[in-house]
Amino acid sequence: MPQTKKDSGELTLADGGDFSRRFCYIITMNILGIGPSIMGAGVISIAALLVLEKLLNIDLSLSPEFRFAALVFASVWGTLGLSLGLISVRQIASSARYGRLITTGVYSLSRNPLYAAFIIFIVPSIACLLNDLFLVLASGGMYLVFAMMIKKEEQDLKNRFGAEYLNYAARTSRLCPLPPGFRINAKKI
């Protein structure tokens with residue numbers, strides 16, 4: 001006997017073909033998600049910058065008296081980034097099956113907290129840990145890749161959730177985690 005849709009909005013076998021399509025989407029988002037894109041953009045950006053740094057003989061390492069401060073900064077800033085990233089992944093994983101727009105938690109601070117975690121926190125922390133500030137430029141390369149992904153995701157969300165998404169976008173920063181109502185990248189969707 002087929003199961004029925006629960007009041008919570010959870011997908012079940014009664015959804016038929018729609019269930020299998022949405023289930024496959026949820027599974028790939030939970031298992032693979034944007035992880036390969038984030039890692040690919042990061043690895044390619046950092047590798048390209050390391051090659052460029054060697055070709056141009058650029059040295060942006062810190063002097064010994066600033067290395068300890070850089071390590072402390074990298075530890076704190078990187079921990080913030082990892083926390084933001086892990087919380088956003090956990091929030092997606094626990095909410096994705098319901099097919100609702102996520103607007104609470106870290107998603108009330110940024111529409112793209114996982115991208116923000118890498119661009120704003122993790123990559124600069126890696127640059128400090130490796131004592132190579134030239135690698136901070138990798139954040140720019142990652143932003144270019146993520147901006148294309150964000151544009152596509154925003155269009156999909158606008159099509160799926162309509163006014164609910166537009167209202168959320170109007171009050172929530174696109175990338176930089178900010179308190180609700182403050183906005184950077186206030187580009188009209």
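Analyst: This is a predicted model, and the mean pLDDT of its chain is 77. Of its residues, 75% reach 70 or more. Confidence is lowest in helix α1, residues 17-31, where the mean is 44. Confidence is highest in helix α6, residues 163-171, at 93. The pLDDT is below 50 over residues 1-17. That stretch still has 23 contacts in the model beyond near neighbours in sequence. Residues 19-31 also stay under 50. For them the model has 13 contacts beyond four places in sequence. Where pLDDT is low, the predicted coordinates should not be read in detail.

Start with what is covered. Tyr165, Tyr168 and Ala169 are buried in α6. Seen down the helix axis, the buried residues of α6 fall within an arc of 100°, so they line one face. An α-helix has 3.6 residues a turn, so residues three or four places apart point the same way.

What do the buried residues of α6 pack against? Their partner is α5, residues 138-161.

The face of α6 directed away from its buried side carries Ala163 and Ala170. Both of these residues are exposed.

Put together, α6 has a buried face that packs against α5. Its exposed residues Ala163 and Ala170 sit on the face turned away from that buried side.

Definitions and conventions. Residues numbered from 1 in each chain as written. Predicted model: local features only at pLDDT ≥ 70, side-chain atom pairs only at ≥ 80, totals over all residues. Heavy atoms only, no water. pLDDT = per-residue confidence, 0-100. Helix = DSSP H or I, 4+ residues; strand = E, 2+ residues; numbered from the N terminus. Contact = heavy atoms within 4.5 Å. Buried < 20%, exposed > 50% of the residue type's maximum accessible area, 1.4 Å probe, protein only. Arc of directions from axis to C-beta.
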